Amino acid sequence: MLFAAFSVTAQNADEILTQHEKAIGGTDNWDKIKTVKMVGSMSIQGMSIDLTETMVLGKAMRTDMSVMGMTGFTIVTTTQGWMYMPFQGASKIDTMTPKMVQDAQRQLDMKSTQLLDYKKNGTRAEYVGMDSVNASTCYKIKFTDKDGNESTSFFDKSTYYLLRTEGKVKAAGEEMEVAVLYDNYKKMDEGVVMPMSVTAQGAEITFKSVELNKPIDDKVFVPAIDKQ
């Protein structure tokens, strides 16, 4: 009986994630996405910050931030990372720590962040019941990666879109729970579906435009301060 119950649970997790994959465009369409540029803003503690995220999938990512008349950035590649935050008092470009680079590099694989290739990464999925997110009934799935790290994702029962993720991260030597909410999904001309609103740690990011597969100059990922 225990073996039968385990088999049904595992099958349900696979079925839910298969439906999620179809709902956001399928792996074939996601495999065709090579570059992404997203423009929007972040609202945090009553302050609005303009954002532009530029990415060559699997290779490099840059985030430009403009606030209080100052512009800063973060850049992450497959080997290094830099940040320049003048609105936090920085006067020069700083090199990211190896841990910061490692954490940021996870975003270079959008298929992974969309939970499309979790099995290839050695991650296990387990259906653990139902729950709700903002009044939407959700399937609740626990993921355990190859290092034993656990996270939980909530998928809308009607759309199979990912609405919320929960997990633990380490910051300043302490472990804390972090939840991320996803909303306002939009289907792109390329066939993939993406959330245009992401909220985490009291900060809400709203994207106004998304460009996919547009040419991106490699110079974008070279750290330099604009002197203009």
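What relative accessibility does Asp 109 have, and how does that make it count?

Analyst: First, the ground rules. This is a predicted model, so local features need pLDDT of at least 70 and side-chain atom pairs count only at pLDDT 80 or more, while totals for chains, interfaces and linings use all residues. Residues are numbered from 1 along each chain as its sequence is written, and side-chain values use heavy atoms, with hydrogens and water left out.

Now your residue. Asp 109 comes out at 31% relative accessibility, so it counts as partly exposed (buried is under 20% relative accessible area, exposed is over 50%, and partly exposed is in between, with a 1.4 Å probe and protein chains only). You'll find Asp 109 in the loop between helix H3 (98-105) and helix H4 (110-113); helices are DSSP runs of H or I with at least four residues, strands are E runs of at least two, and both are numbered from the N terminus. The C-alpha of Asp 109 is 9.5 Å from that of Val 56, although 53 residues separate the two along the chain.

Val 56 takes us to the cores. A nonpolar core here is a set of buried Ala, Val, Leu, Ile, Met, Phe, Trp, Tyr and Cys residues joined through side-chain atoms within 4.5 Å. The largest one has 44 residues, and Trp 30, Phe 155, Met 194, Val 210 and Leu 212 touch the most other members. Strand S13 (203-212) is among the elements that supply at least two residues, as are helix H1 (2-23) and strand S8 (136-144); S13 gives the most, with 5 residues. Val 56 belongs to a second, separate core of 7 residues that also includes Ile 75, Tyr 84 and Phe 221. As background, nonpolar side chains in soluble globular proteins tend to be buried together.

Rings of Phe, Tyr and Trp (its six-membered ring) pair if their centres lie within 6.5 Å; planes under 30 degrees apart count as stacked, over 60 as edge-to-face and the rest as tilted. There are 5 such pairs. Tyr 139 and Tyr 160 are stacked, at 5.8 Å centre to centre with 20 degrees between the planes. Tyr 139 sits in S8 and Tyr 160 in the loop between strand S9 (150-156) and S10, so this pair ties together parts 21 residues apart in sequence. Both Tyr 139 and Tyr 160 are buried. Tyr 161 and Tyr 185 are stacked too, at 4.3 Å and 20 degrees; Tyr 185 is in strand S11, 24 residues from Tyr 161. Tyr 127, Tyr 139 and Tyr 160 make up one aromatic cluster.

Glu 126 bridges to Lys 142, with closest N and O atoms 3.8 Å apart. Glu 126 is in strand S7 (residues 124-133) and Lys 142 in S8, so the pair links parts 16 residues apart in sequence. Lys 140 and Asp 131 also meet in a salt bridge, again 3.8 Å from N to O.

Terms used
A salt bridge is a side-chain nitrogen of Lys or Arg within 4 Å of a carboxyl oxygen of Asp or Glu.
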